2 protein chains.
Amino acid sequence: MSTTTAEAGLTIAQASAVTGLSAHTLRYYERDGLMLDAVDRDPGGRRRYSPADISWTTMLTRLRATGMPVSEVRRYAALVRAGDGNEAERLALLRAHRDRVRTRLAEEGEHLAAIEAKVAIYEGRATGC
Amino acid sequence: MSTTTAEAGLTIAQASAVTGLSAHTLRYYERDGLMLDAVDRDPGGRRRYSPADISWTTMLTRLRATGMPVSEVRRYAALVRAGDGNEAERLALLRAHRDRVRTRLAEEGEHLAAIEAKVAIYEGRATGC
DNA sequence: GCTTGACTTCGAGTGCACTCGAAGGTGCAC
DNA sequence: GTGCACCTTCGAGTGCACTCGAAGTCAAGC
């Protein structure tokens, strides 16, 4: 855990702490093509996460946390990796996901309201439905 | 599909249509103790879903759709089945679930906002972060 | 009375996303 | 120079929630 020399990037343990993903999961994501590129290695072959890696991982986590399947994240990563020229495709992918998330959150909000009503009943402050 | 006689309850196909759950899933839920009681059967041994079954299934669906594990729904169903005297326990269970859902929806809302910002960038209307 | 189609039970199979274990390498602390 | 924590790869295992297939039953229609 030396923070000597001029910052060569985070170890997998540090990246794990920052992203909230387990080291196993970070390796799994890289292996499965979810990272933009292979993460840099130090002279000993160990992963060093650059700020760019971390910020991509943050976005990746947001996509996963909102229910985007790993396979679709992989597709999105491939588009970004391919570079300029496919922005329309990326946009379409993100818009479709956004719409799905919006819909689901709205539905879950309704379910939550029904559950809160149930809680209110059990609390004795039945609000006449 | 006879709607003759004075309504003996819905067939599994009708219950499936109403609840949005597959017939397979409805049977699975019953088998796994997620229903309050075994669903009534007609003289031929086929399931007949009563209004009470349907309304419980609706609640069950809300709990599942908001991420409550099957095992916890089973526990909740067991409490309701046991009858009066455990309202405090039911309330605690529902409150805990409600809190988890609220937290998750808030987080997902943040993720959604970040995704929307990304979409905005791709749409060319970059809003300065 | 025979076909048709939806139903029954049971147990096994599937898909997803991790999660873990084994076997071995590396480098700092003492 | 040896112990130790932490890393590496690889492939296999896990947990969850369905989902399906097989083999058989039943009621209605022709």
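**Exercise 1.** Among contacts in chain A between residues at least 6 apart in sequence, what percentage join residues at least 24 apart?

*Solution.* The model is a predicted one, in which local features need pLDDT of at least 70 and side-chain atom pairs count only at pLDDT 80 or more, while totals for chains, interfaces and linings use all residues. Residues are numbered from 1 along each chain as its sequence is written, and chains are lettered from A and ligands numbered from 1 in the order in which they are written. Two residues are in contact if their C-beta atoms, placed from the backbone, lie within 7 Å. Among the contacts in question, 52% join residues at least 24 apart.

**Exercise 2.** Describe the fold and the dimensions of chain A.

*Solution.* 
- Step 1, elements: helices (H or I, at least four residues) and strands (E, at least two) are DSSP runs, numbered from the N terminus. Chain A has five helices and two strands, in the order α-α-β-β-α-α-α from the N terminus on.
- Step 2, domains: an automatic or database domain assignment gives domain 1 (7–68) and domain 2 (84–129) in chain A. Their C-alpha centres lie 29 Å apart.
- Step 3, extent: the radius of gyration, taken over C-alpha atoms, is compared with a globule rule of 2.2 Å times the number of residues to the power 0.38. Chain A has 20 Å, whereas a compact globule of 129 residues would have a value near 14 Å. Along the principal axes, the C-alpha atoms of chain A fill a box of roughly 70 × 40 × 20 Å.
- Step 4, burial: a residue is buried if 20 or more other C-beta atoms, placed from the backbone, lie within 10 Å of its own. In chain A, 18% of the 129 residues count as buried.

**Exercise 3.** Which rotation superposes chain B on chain A, and which elements of chain B form the contact?

*Solution.* 
- Step 1, superposition: copies are fitted by least squares on the C-alpha atoms of residues with pLDDT of at least 70 in both. Chain B is superposed on chain A by a rotation of 180 degrees with 0.0 Å of shift along its axis, at an RMSD of 0.0 Å. The two copies are therefore related as by a two-fold rotation axis.
- Step 2, axis: B:Leu105 comes closest to this axis of the residues of chain B, its C-alpha lying at 3.5 Å. Both copies use the same surface, as 100% of the contact residues of chain B recur in chain A.
- Step 3, contact: chain B gives 25 residues and chain A gives 25 residues. On the side of chain B, α3 (51–65) and α5 (87–122) each give two or more, and α5(B) has the largest share, 21 residues.
- Step 4, composition: Ala, Val, Leu, Ile, Met, Phe, Trp, Tyr, Cys and Pro count as nonpolar, Asp, Glu, Lys and Arg as charged, and the others, Gly among them, as polar. The side of chain B that touches chain A divides into 10 nonpolar, four polar and 11 charged residues.

Methods. A residue is buried if 20 or more other C-beta atoms lie within 10 Å of its own, exposed if 12 or fewer, and partly exposed in between; C-beta atoms are placed from the backbone.
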